[in-house]
Amino acid sequence: MQASYTASDFISARDWVTANGGDLFPTFSAYAWFARQHRDELIESGELIIRRGRGGALIGPNFGRVAVEILQRQQRRATA
């Protein structure tokens, strides 16, 4: 479900990884791989906006929560 955001709620993916990536996404490459694998779901969640060119993607304020939900779901499937 998409939340209602304004443009100022989003930050660049690089800035998000630096500030919030932690152990989940210790490098920008780790984030980029995850975003490629789950692109459609992240876009549908409203937490990822793909931009063309050098600007890169924009990340919404609940991206971390959505990423954890995706990873937890994958983990449950792997252990089922």
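I began with Asn-20, which counts as partly exposed at 43% relative accessibility (buried means under 20% relative accessible area, exposed over 50%, partly exposed in between, with a 1.4 Å probe and protein chains only). I note that this is a predicted model, where local features need pLDDT of at least 70, side-chain atom pairs count only at pLDDT 80 or more, and totals for chains, interfaces and linings use all residues. Residues are numbered from 1 along each chain as its sequence is written, and side-chain values use heavy atoms, with hydrogens and water left out.

**Entry 1: helix 1**

I placed Asn-20 in helix 1 (helices are DSSP runs of H or I with at least four residues, strands are runs of E with at least two, and both are numbered from the N terminus). From Asn-20 I looked across to Tyr-31, 11 residues apart along the chain, and found their C-alpha atoms separated by 11 Å.

Which residues of helix 1 (residues 13–20) are buried? I found Ala-13, Trp-16 and Val-17. Seen down the helix axis, these buried residues fall within an arc of 100 degrees, so they line one face of helix 1 (the arc is that of the directions from the helix axis to the C-beta atoms). On the face turned away from the buried side I listed the exposed residues Arg-14, Thr-18 and Ala-19.

Next I asked what the buried residues of helix 1 pack against. My list is strand 1 (11–12), helix 2 (28–37), strand 3 (58–59) and helix 4 (63–79) (contact means heavy atoms within 4.5 Å). After helix 1 comes Gly-22, with a positive phi near 50 degrees.

**Entry 2: rings**

How many aromatic pairs does the structure hold? I have eight in my notes (rings of Phe, Tyr and Trp, the last by its six-membered ring, pair if their centres lie within 6.5 Å; planes under 30 degrees apart count as stacked, over 60 as edge-to-face and the rest as tilted). For Phe-25 and Tyr-31, the ring centres are 6.3 Å apart and the planes stand at 85 degrees, so I logged the pair as edge-to-face. Phe-25 is buried at 3% relative accessible area, and Tyr-31 is buried with a value of 3%.

Ring pairs link Trp-16, Phe-25, Phe-28, Tyr-31, Phe-34 and Phe-63 into a cluster. I also found the charged end of Arg-14 over the ring of Phe-28, 3.9 Å from its centre (a charge sits over a ring if NZ of Lys or CZ of Arg is within 6 Å of the ring centre and within 35 degrees of the ring normal).

**Entry 3: core**

The largest nonpolar core has 16 residues, and those touching the most other members are Phe-25, Tyr-31, Phe-34, Leu-42, Ile-59 and Phe-63 (such a core is a set of buried Ala, Val, Leu, Ile, Met, Phe, Trp, Tyr and Cys residues joined through side-chain atoms within 4.5 Å). Helix 1, helix 2 and helix 4 are the elements giving two or more residues to this core. Leaving aside neighbours within four places in sequence, I saw Phe-25 in contact with residues including Trp-16, Val-17 and Ala-67.

Last, I looked up the open sheet of three strands, with order 1-3-2 and antiparallel pairing (two strands pair if DSSP finds at least two bridges between them). Strand 1 and strand 2 (48–49) stand at the edges with a single partner strand each, so one side of each is left without a neighbour in the sheet. Strand 1 and strand 3 pair over two bridges, and I found Ile-11 opposite Ile-59 in strand 3.
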